[in-house]
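This briefing is meant to be read beside the sequence and the coordinates. Please keep both in view while going through the points below.

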Amino acid sequence: MSVALHPLDRDRVLADLSDMARACLSLLEVYPTLDSTNSYLLAGARAGWPGGAVCLADQQTAGRGRQGRNWLTPPDAGLAFSLLWRFGVSPDVLGGLSLATGIAVVRALRSWGVRESGLKWPNDVWWRERKLGGILLESGGTAKEFYVVAGIGLNVALPVADAAVIDQPWVDLREILGAAPIDRNRLAAALIGELIAVYTRFETVGFAGFVDEWAGVDRIRGRRVRLQLPNASVGGIARGVDATGALLLESVDGQIRPYLGGEISLRVEP
């Protein structure tokens with residue numbers, strides 16, 4: 001089944017942004033094809049671009065996910081964009097930013113009627129336990145000039161042939177929302193607005209201000225999971241997260257230990 005997708009259009013994204021988002025935006029660029037929106041903004045960050053820069057691409061030829069994985073973005077099939085944000089606080093207090101980014105994505109999706117969307121720690125966007133999207137945060141700078149580039153990728157209407165390479169259960173907005181036209185410009189504007197709202201608040205309250213909201217979107221709490229660490233594997237029951245965004249894992253001895261993201265991958269066990 002084919003579905004009509006509105007082409008990405010810079011002026012239409014701008015028109016649908018909230019007043020707050022528009023005021024915080026320093027740059028908005030839309031490309032038919034890029035290697036990676038994250039790579040593009042990382043280069044801009046190193047060149048001194050201000051925070052609030054956003055880049056969207058209809059197709060990514062070298063999109064990236066966590067741990068060096070590829071992120072599939074065929075033309076006219078997904079939504080891929082990145083936001084450059086500069087923080088005036090030490091990177092030491094930015095723990096949990098990836099989780100807060102996920103919260104922003106779920107807020108936008110739920111406003112679009114994707115009510116069963118949620119998050120698999122640390123940064124997979126789920127719908128009924130199938131991957132709808134992913135988040136990649138990359139950073140640089142110094143303690144005084146620290147920046148983050150947040151990359152968001154969502155499956156909108158993936159061709160079956162292209163999706164055959166995905167190695168896990170997946171879903172796209174076409175399946176969730178039906179055959180109605182999907183306006184990616186409005187969706188992009190909603191996502192950008194929520195990200196800017198979350199990042200603005202995060203700088204003041206940190207992840208501690210989002211812990212309760214995380215509990216409402218957490219799709220693995222209370223479930224048996226296995227963490228693949230850089231040099232080991234550990235299993236247990238997920239017990240939510242702490243104020244730094246670390247996963248709380250209850251082991252067989254009843255002890256609860258925190259595990260931070262980074263190079264950790266998580267698998268839900270049967």
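The structure is a predicted model, and its protein chain holds 8 helices and 12 strands.

**Overall dimensions and packing**

- Along its principal axes, the C-alpha trace of the protein chain spans about 55 × 50 × 30 Å.
- Buried residues account for 50% of the 270 residues in the protein chain, where buried means a relative accessible area under 20%.
- Of the contacts in the protein chain that link residues at least 6 apart in sequence, 66% join residues at least 24 apart.

**The pairing of helix 4 with helix 7**

- Helix 4, which covers residues 97-111, and helix 7, which covers residues 184-205, have axes that come within 8 Å and cross at roughly 140 degrees.
- That angle makes helix 4 oblique to helix 7, because only angles over 145 degrees count as roughly antiparallel.
- The crossing of helix 4 and helix 7 is right-handed.
- On the side of helix 4 the contact is made by Leu97, Ala100, Thr101, Ala104, Val105, Arg107 and Ala108, while helix 7 contributes Ala190, Leu191, Glu194, Leu195, Val198, Tyr199 and Phe202.
- By residue type, this contact of helix 4 with helix 7 divides into 11 nonpolar, 1 polar and 2 charged residues.

**Backbone features in the loops around strand 5**

- Most residues other than glycine have a negative phi, and most peptide bonds are trans.
- The peptide bond from Trp121 to Pro122 is cis, with omega near 0 degrees, and Pro122 is placed in the loop between strand 4 (117-120) and strand 5 (124-127).
- Arg128, in the loop between strand 5 and strand 6 (130-141), has a phi near 50 degrees, which is a positive value in a residue other than glycine.
- Glu129 is likewise found in the loop between strand 5 and strand 6, and its phi, near 65 degrees, is also positive in a residue other than glycine.
- With a relative accessibility of 45%, Glu129 counts as partly exposed.

**Ser98, a residue of helix 4**

- Ser98 lies in helix 4 and is buried, since its relative accessible area is 18%.
- Ser98 and Lys131 are 33 residues apart along the chain, and their C-alpha atoms are separated by 17 Å.

- Phe210 lies in the loop between helix 7 and helix 8 (211-217), and at 0% relative accessibility Phe210 counts as buried.
- When neighbours within four places in sequence are set aside, Phe210 is in contact with Ile103, Arg107, Val198, Arg201, Phe202 and Val205; among them, Arg107, Val198 and Phe202 also take part in the contact between helix 4 and helix 7.
- Phe210 and Asp172 are 38 residues apart along the chain, with 27 Å between their C-alpha atoms.

- Although Glu145 and Ser90 are 55 residues apart in sequence, they are 8.6 Å apart in space, C-alpha to C-alpha.

Key:
Residues are numbered from 1 along each chain as its sequence is written. This is a predicted model: local features need pLDDT of at least 70, side-chain atom pairs count only at pLDDT 80 or more; totals for chains, interfaces and linings use all residues. Side-chain values use heavy atoms; hydrogens and water are left out. Axes are lines fitted to C-alpha atoms, for helices over the stretch in contact, and angles run from 0 to 180 degrees between N-to-C directions. Helices (H or I, at least four residues) and strands (E, at least two) are DSSP runs, numbered from the N terminus. Angles under 35 degrees count as roughly parallel, over 145 as roughly antiparallel, 65 to 115 as roughly perpendicular and the rest as oblique. A crossing is left-handed if the near helix is turned anticlockwise from the far one by less than a right angle, and right-handed if clockwise. Contact means heavy atoms within 4.5 Å. Ala, Val, Leu, Ile, Met, Phe, Trp, Tyr, Cys and Pro count as nonpolar, Asp, Glu, Lys and Arg as charged, and the others, Gly among them, as polar. Buried means under 20% relative accessible area, exposed over 50%, partly exposed in between (1.4 Å probe, protein chains only).
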